[in-house]
Every structure is written in structure tokens, then in C-alpha cells.
Amino acid sequence: MGPHVPPRYGFAALGGCCFGLGVLHLTHAGPTVGIALESVLILGLSGVAFYTVRDLPRWGISRSGQWRAVRIGAGTALGFTGLAAVVWLIWLIGHHAFKLPFLLSFAASLGTAVGSRGSLYAVKADEQLTEAQELATLLSINDRVLRHNIRNELSVALGYLTEIEAADDSPETRAQVATIRDHLESLLDTSERTRRLASIWQTDARCSVDLVTVVEEEVAQLTAEAPDATIRTELPERCVVRTHPSVRVAFEEALRNAVEHNDDVTVTVRVWRDDAVHLVVADDGRGIPRIERRTLRNSEETPLEHTEGVGLWLIYWAVNRAGGTVEFAENEPGGTAVRIRLPDRPDSDGSAGVDSGEDRR
């Protein structure tokens, strides 16, 4: 087709052909009730193609994909017509011949109706698969860039800052260097967290993890780094679960988010098992803004609605890969409660959900 011909004209042409077959059948076969009903059936099926003309923009399919859908629809119509011709020959050989014009018209219209709608689903699924594969490639490239280029460049910049600080020991220079170093180290930390986020998707392994040991190790390390934070634990003797190894990352991020984003905070960590395995990190800090919880619940970032960092996304995707669910809820009387629920057995589909959980304890 020419580059300026909209794909919807192709579906309109398919619908017009079927409509013409219905009118032709009505005018040539005679004005009887049976013929009228047959023609109405053909005309009704042609309406599906006309509806597709109106519905096409909603699918978000590329122009080339839309033309591909038109070709699939036309091919389906021809296939149904050929099948009808074969069936008619079989009936003819058996001396039970049916009216060939109606049979072919009906088959063409039915094929057009099925092809017009089915082709959109097929093309849409194919384009989404292609996009997912391209995004996976882009993620791999991004991971390598963050791992090597950005880290190396930031390390060089931090090294020069040390030399500048040594060369000029004035209070003003020290303050400026400290500000620059804070921003560079924050960017370095973000690049490392993004790299960890990519690495979560690069493994689908399962291993046995004692959540009690994980909690005790992470709490001990964070207490040493942030002695002003108060961290309380309510733990059983052991809680071993077979899950994705990234569960440790999810707990580490939940605990560090509670301590690093709040001053003089008290954090409570609970682990228990009933029909599933539960891990809760609750704090009495400022809480997660509602817009960030909504972003995580929608599982996507938009220009006007996004999280400030990758820490919450690390929690979400780590639990997702483990086949569990995570809930970012308001704590009472204030603060945030991150509730992680893991299946006691490996979940083959790896699905996870997010609930804002404002009203639940």
C-alpha cells in the first residue's frame, strides 16, 4: 500500500467487499424470507470489519503492524472461503450440494470478521513481545554502562576532589568539596542500586534462606553504622523458606529506608509463619508519601508520578521475583510499615502484587 494510505482503509475495504457480497446475494437469489435472513447474516458479519475501522486507534499498534493486521484479516477471509469451497465439493460428491454462492459469501464474511478482530490481538501480542525483548536488551546495556563507565568516572571525580581538598584547606573549599562529594557518592550509590535491580532479573534460582539469620545480620550491621537508631525485633528461633535469593535485598532496603530517611527513628522487625511467611518492617518516621505508594501500586513510573529513588523499587521487584507480595502501608500512629508475604513453597509464576494498605494494620 502507498505510504499515505491509512491502514483503516484496508479494513474498510474488507468490510465493503463482504457488504457487497451480502447485497449481491439478496438481489440475485430472489426476495424470499430465507434469502433475506442469509443476507442479513452476511451484512452483520461485515459490520465487524467496519467496527474495527472505528476501533483501530485504541489498540496502539504501529502503522506497519496495522497493515499486517489487514493482511492477516484478508488471509483469514480467503482461507475460510477456500475451506467453504472444499466443503461444498465434498457435499457435491455426496449429492448433498448446498447453495455455493451463499456458502462462499458466508465463509468470506465470517473469515473477515474473525480475521479483523483476531489479527489485532495477534499483532498487538507480537509487538509487545518485540518491545519486551528490546527493553531486556536495553536493560542489559544499561547495566553494563552503570557497572563500568559511570562507576569508573565517578571514582575518578572523587579522586580529584580529594586532591583539591588537600591543595586548598580553606573552610569555603572544604564546604564546597563536601557538597560535591555528597552528590557524587549519592549518584554512585544510585548506580549501584540500579545495577542490583538489574541483577535481580538475571537469576531465577531458588535457595533456602533463614529469615531470622538474615534479620539478625542486617540489624547488627545497621546498628553499628547508625547507633542512634533503635531497632527492635520479634523473631522465632528459625524461619527457613525456599525462595529467591533477592529476599535479603528486599529486607536490607526496607530496613535501611526506615533508618536513613528518618531521624531518631524506632524500627520494629517481625517475622512469623502461618499459611505463608511474613516479614514486617515498621517505623515511626515521616512515612512514605502517598504518591510514591500509588506509583508502586501501579508498577510504573510516569513524568508526573515517580519515586525519589530506586530503594522501594528494589523491594518491590525482589519480592516479585520471590513470588510474594509487598504492601507499603501507613503505620500507627505514624510512619511506614513494609509488609512482605512469601509463599511457603516456590511459586512457579513468580507473580507479586502491591497494596497501598492505608487502612490495614
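In the predicted model described here, R273 stands opposite V277 in strand β5, with strands taken as DSSP runs of E of at least two residues and helices as runs of H or I of at least four, both numbered from the N terminus. Residues are numbered from 1 along each chain as its sequence is written. Local features need pLDDT of at least 70 and side-chain atom pairs count only at pLDDT 80 or more, while totals for chains, interfaces and linings use all residues; side-chain values use heavy atoms, without hydrogens and water.

Strand β5 (residues 277–283) runs antiparallel to β4 and is joined to it by 7 bridges, pairing being assigned where DSSP finds at least two bridges. The two form a hairpin with 3 residues between them. Strand β4 (residues 266–273) also pairs with β2 (residues 230–234), here in the parallel sense and over 5 bridges; in this pairing R232 stands opposite T268.

Turning to the helices, α6 (residues 211–225) packs against α7 (residues 247–260) at about 35 degrees, with axes 10 Å apart. Axes are lines fitted to C-alpha atoms over the stretch in contact, and angles run from 0 to 180 degrees between N-to-C directions. Contacts (heavy atoms within 4.5 Å) involve, among others, L211, V214 and L222 of α6 and F251, L255 and V259 of α7. The residues of this contact divide into 9 nonpolar, 1 polar and 6 charged, where Ala, Val, Leu, Ile, Met, Phe, Trp, Tyr, Cys and Pro count as nonpolar, Asp, Glu, Lys and Arg as charged, and the others, Gly among them, as polar.
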